[in-house]
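Visitor: Hello! I am new to this structure and would like to learn how to read it. Could you walk me through it step by step?

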Amino acid sequence: MSVPGTRLHVVSGKGGTGKTTVAAALALALAERGRRTLLVEVEGRQGIAQLFETEALPYAERRIAIGPGGGEVYALVVDAEQALLDYLQMFYKLGGAGRALRRIGAIDFATTVAPGLRDVLLTGKVCEAVRRRGQGGTGRAYDAVVMDAPPTGRIARFLGVNHEVAGLARVGPIHHQAQAVMRVLKSAETAVHLVTLLEEMPVQETADAVAELRAADLPAGAVVVNMARPAGDVAVPVPDHDPGLAAALTRAGLRGAGRLAGPLLTEGREHTQRLALERAQRAELAGLGLPVHELPLLTEGADLAGLYRLARLLRDLDWTGGAR
Ligand SMILES: Nc1ncnc2c1ncn2[C@@H]1O[C@H](COP(=O)(O)OP(=O)(O)OP(=O)(O)O)[C@@H](O)[C@H]1O
Ligand SMILES: [Mg+2]
């Protein structure tokens with residue numbers, strides 16, 4: 001897979017469409033021979049640990065898998081409180097004083113009272129991991145970072161929060177830091193991918209998110225249609241009654257064929273309707289001007305074996321992102 005330029009892959013989408021699954025599969029896919037990727041979770045739900053069947057992950061970068069391409073995947077669960085302590089240490093060298101602040105509950109207070117601050121800390125930590133490469137300095141460097149991000153309804157706000165901060169703090173280290181984060185997020189190094197199902201609601205949310213990202217000058221990447229059935233299925237008109245069907249079923253030796261024909265026709269009609277709806281949703285997505293990739297519904301469930309299957313499918317696709 002060629003990924004010239006893109007180093008931060010942000011994976012959003014409507015709730016439950018498969019953001020965590022797709023983010024994990026993409027991190028695996030990007031782990032080519034000798035390459036190292038970081039999979040980051042920002043909503044503290046331990047979805048990555050569940051997916052990789054490991055115990056709860058700490059606020060530390062841990063190797064969790066080897067990609068099908070032979071590279072390494074690390075995982076990080078970003079915790080806003082810990083990230084705030086990191087910041088205080090970085091800017092004010094607080095050290096032990098930071099820990100004291102935590103003991104008296106000040107850190108918890110700060111991150112709970114100001115939800116925007118949480119987002120500043122979470123995006124800041126992710127961008128710090130992205131920027132590590134090329135700094136020739138501290139910490140493990142990654143070829144790519146994949147973020148399991150908040151859902152479509154919140155994504156533009158979440159990624160844009162540092163823009164507001166840079167405006168509030170007009171000078172000083174916080175202004176500088178907020179600007180550095182926005183530089184990464186708006187650059188060609190970042191692509192925001194949107195996971196959807198071929199259903200009306202998630203497709204509408206995808207279209208809305210693309211519009212919001214573009215309005216905020218944030219780089220939309222690819223649309224991932226998850227749990228898709230093959231587009232090749234041909235919809236044929238199914239009649240309400242078909243006396244020939246019962247006869248054929250009887251000839252085929254099925255007992256109770258007369259009672260089977262009705263329900264079978266109903267199912268056929270529903271299938272045809274679903275295909276027509278999916279065709280309409282595909283057309284809607286095609287109109288967004290972004291690459292659209294489809295991942296199949298894994299009938300055996302998205303377990304670890306399924307995850308690797310998805311990763312192999314993702315490896316050969318273009319993840320460089322589309323036009324803004
Ligand atoms: N391609 C697939 N085939 C079959 N099952 C899938 C597929 N992708 C995801 N799933 C399953 O769908 C469910 C939702 O997936 P996932 O947790 O990745 O979604 P999410 O968008 O991260 O959800 P949330 O909004 O709760 O964070 C999970 O049970 C997952 O195993
Ligand atoms: Mg999730």
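Guide: Let us begin with pairing: two strands count as paired if DSSP finds at least two bridges between them. Keep in mind that this is a predicted model. Here strand β6 (residues 190-196) and strand β7 (residues 220-228) pair in the parallel sense, over 4 bridges. Within that pair, L194 stands opposite V223 in β7.

Visitor: What is the order of the strands in the open sheet?

Guide: The sheet has 8 strands in the order β3-β4-β2-β5-β1-β6-β7-β8, and the pairing is mixed. Strands β3 (62-66) and β8 (292-296) stand at the edges; each has a single partner strand, so one side of each is left without a neighbour in the sheet. On average, neighbouring strands are turned by 25 degrees against each other, direction ignored.

Visitor: Which helix lies across β3 and β8?

Guide: That is helix α12 (residues 304-315), which runs at about 155 degrees to β8.

Visitor: Now to β5. Which strands pair with β5 in the parallel sense?

Guide: Strand β1 (residues 8-13) is joined to β5 by 4 bridges, and the two run parallel. Strand β2 (residues 36-41) also pairs with β5 in the parallel sense, over 5 bridges. Look for V10 opposite M147 in β5, and for L39 opposite V146 in β5.

Visitor: Why is β5 described as largely enclosed by the rest of the structure?

Guide: A residue counts as buried under 20% relative accessible area. In strand β5 (residues 144-148), 5 of the 5 residues are buried, so the strand is largely enclosed by the rest of the structure. In a regular strand the side chains alternate between the two faces of the sheet. Both faces of β5 are covered: A144, V146 and D148 are buried on one side, V145 and M147 on the other.

Visitor: How many residues does the largest nonpolar core have?

Guide: In soluble globular proteins, nonpolar side chains tend to be buried together. The largest nonpolar core here has 46 residues, and V145 and L159 have the most contacts inside it. Helix α6 (residues 115-131) gives the most to this core, with 6 residues. Apart from it lies another core of 34 residues, including V22, A25, A144 and V224. As for L159, among the residues it touches beyond four places away in sequence are V10, M147 and V192.

Technical notes
Residues are numbered from 1 along each chain as its sequence is written. Chains are lettered from A and ligands numbered from 1 in the order in which they are written. This is a predicted model: local features need pLDDT of at least 70, side-chain atom pairs count only at pLDDT 80 or more; totals for chains, interfaces and linings use all residues. Side-chain values use heavy atoms; hydrogens and water are left out. Axes are lines fitted to C-alpha atoms, for helices over the stretch in contact, and angles run from 0 to 180 degrees between N-to-C directions. Contact means heavy atoms within 4.5 Å. A nonpolar core is a set of buried Ala, Val, Leu, Ile, Met, Phe, Trp, Tyr and Cys residues joined through side-chain atoms within 4.5 Å. Buried means under 20% relative accessible area, exposed over 50%, partly exposed in between (1.4 Å probe, protein chains only).
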